[in-house]
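Welcome, and thanks for taking a look at this one.

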Amino acid sequence: MSIVDARYERLMPSLDLLADEAVLAQAWKKSDAYIRRHNWYADILELEQVSLLLPQTLKDWQRQVSTNDHRAASPLRLVPAPKNGKWHFPSKAAGGDWRFKPIVNNNGDVQQTEPDLRPLAHVSIREQVLASAVMLCLADAVETLQGNTNPASYGSMAQARQRVCSYGNRLFCDWIEESDGKQHGRFRWGNATTYSQFFVDYERFLERPAEVCREALPSLHDERLFVVKLDLAKFYDCVKQSAVVSRLRTLYQRYASEFAIPYSEVEAEPFWQAAEKIISWHWNPSDSAGRSELKLGLPQGLVASGFFANAYMHDFDLMVVGGLRQGLGIPIQINGVTVYARLLDYCRYVDDMRLVVAIPTESAQNLALETLAGDMSSWANMLNLSGAVCYDATDLKLGADMRDISDGFVIAALNKDIGTFDTMTTALQFHMYQPVMLANTGQFGGSSAQAPYKAHHERQIAHVHGNNQAVISIFEVDLLAFRDTRKIESQKEKKAAPAGFKGRDLGAAS
């Protein structure tokens with residue numbers, strides 16, 4: 001017989017749970033343990049002070065969360081940290097000390113005299129704990145949808161690859177197999193461990209492409225295999241904070257529907273409003289002054305950032321996996337001729353991706369690896385699509401959140417109200433300043449694709465109306481045309497951008 005109160009059996013998006021003393025205490029324990037072990041820029045005095053005054057501090061945090069009063073939030077402090085680089089110790093005659101070793105090219109010219117610095121953040125313990133509390137309430141949903149990284153838990157290696165592609169910053173979970181074969185992740189929120197051990201999941205991530213190649217080699221016909229590594233440059237800095245909450249909300253709705261978890265959007269609304277306040281950070285003015293290039297997405301130093309990053313990237317994963325199942329071909333230019341690389345597998349470790357592709361042998365002989373890497377990067381940069389089911393798409397706030405981070409918006413509909421959704425698509429394509437594609441069922445009709453071009457007749461790219469019909473529409477959409485407000489050479493002239501739109505600054509694959 002369990003001695004745990006029933007409401008703690010499964011945490012969920014509830015303001016009462018978010019402000020619960022037991023949940024906040026566990027969020028503090030996880031955050032404190034993680035910071036002391038991993039963050040070399042921690043404020044130990046602050047951690048000790050909270051430890052000594054924990055009961056009183058928890059009550060203050062409870063009150064602040066319950067009343068949505070976040071005036072006590074502290075701004076982030078900038079911690080410039082050098083990336084990997086060589087360091088040396090000059091002689092005393094040269095000034096002594098230890099310094100970054102300048103990078104010299106083959107001609108002996110100095111290319112770089114100072115190291116690249118990453119904008120790490122010192123996050124106060126209050127902000128750490130509240131973000132971790134949000135993570136605790138949503139952990140089961142996000143981890144379950146990402147799948148179990150242990151290949152031994154599936155019937156075959158191929159089945160494992162179909163169910164999971166995200167390996168980095170995964171929470172430490174127990175996995176329960178449901179009667180229908182689905183695996184349900186349950187996060188151990190009551191202990192001090194937060195993330196799975198690095199070497200276990202990273203080893204699985206590195207082994208996966210090699211395993212795919214071994215399996216694919218016997219069945220290849222005049223093709224060569226390539227494993228392509230892509231990295232999202234400045235990924236954490238480019239994540240839009242408000243979009244994180246939108247993604248979390250959508251993921252939990254999907255999880256509740258798929259696993260029959262009781263969930264009321266109305267009852268959960270106070271939780272999501274509190275989450276928006278908690279997942280909102282800014283730099284200390286003294287640190288950001290004069291640093292126009294300094295951005296802030298997910299703080300690199302926040303315990304929960306890895307979890308939020310996975311939630312943010314989940315729809316991207318689904319999109320690539322969906323293309324993989326449909327036999328997606330990736331265009332590559334070889335000597336002026338377009339050749340399509342066959343995508344065999346995709347996996348991701350936070351912002352580090354591995355793709356296995358097969359290219360015809362004849363074409364591969366003339367393929368420079370730099371060309372392959374460049375074309376694959378260009379392809380990845382075009383995949384900034386977002387989407388929603390028909391009802392969620394009516395939420396104007398969702399469109400506002402997605403406007404600055406996606407290049408195309410897809411609406412999956414099963415709805416008879418054709419007129420309303422036609423009008424909504426027309427409004428969204430301009431409001432979001434990107435192509436909007438609405439796919440309704442053939443039973444009701446009303447599918448369309450529109451983009452904010454200046455000429456009225458060019459805005460409507462595809463349009464299918466009439467019920468009880470099966471129609472396949474094939475059309476081209478330029479996802480890169482509306483990334484900024486500048487007038488660039490294009491076959492079609494763009495409509496002027498809406499008020500407030502300044503362009504999309506997205507992390508680029510490299």
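In which helix is the place of Glu127? Glu127 sits in helix α5; helices (H or I, at least four residues) and strands (E, at least two) are DSSP runs, numbered from the N terminus. Please keep in mind that this is a predicted model, where local features need pLDDT of at least 70 and side-chain atom pairs count only at pLDDT 80 or more, while totals for chains, interfaces and linings use all residues. Residues are numbered from 1 along each chain as its sequence is written, and side-chain values use heavy atoms, with hydrogens and water left out.

- Glu127 is buried, with a relative accessible area of 6%; buried means under 20% relative accessible area, exposed over 50%, and partly exposed in between (1.4 Å probe, protein chains only).
- Leaving aside neighbours within four places in sequence, Glu127 is in contact with Ala73, Ser74, Trp281 and Leu302, where contact means heavy atoms within 4.5 Å.
- Leu47 lies in helix α3 and is buried, with a relative accessible area of 3%.
- Not counting residues up to four places away in sequence, Leu47 touches Asp32, Ile35, Arg36, Ala42 and Ile125.
- From C-alpha to C-alpha, Leu47 and Ser31 are 10.0 Å apart in space, and they are 16 residues apart in sequence.

**Helix α10**

- Helix α10 covers residues 265-278, and its 14 residues should span 20 Å at 1.5 Å a residue; the expected span is 1.5 Å times one less than the number of residues.
- Ala268, Phe271, Trp272, Ala274, Ala275 and Ile278 are the buried residues of α10, and they pack against α1 (15-18), α5 (125-146) and α9 (241-258).

**Salt bridges**

- Side chains of opposite charge can pair when their charged atoms come close.
- A salt bridge here is a side-chain nitrogen of Lys or Arg within 4 Å of a carboxyl oxygen of Asp or Glu, and by this rule the count comes to 23 salt bridges.
- One of them joins the side chains of Glu48 and Arg36 (3.2 Å, N to O). This pair links distant parts of the chain, with Glu48 in helix α3 (residues 44-52) and Arg36 in helix α2 (residues 21-38), 12 residues apart.
- Glu48 is partly exposed, with a relative accessible area of 36%, and Arg36 is partly exposed with a relative accessible area of 36%.
- Arg254 forms a salt bridge with Asp315, with the closest N and O atoms 3.3 Å apart.
- In another salt bridge, between Glu493 and Lys454, the closest N and O atoms are 3.7 Å apart. Glu493 lies in the segment after β17 (460-464) and Lys454 in the loop between β16 (447-450) and α17 (456-459), so the pair ties together parts 39 residues apart in sequence.
- Salt bridges that share partners join Asp32, Arg36 and Glu48 into one network.
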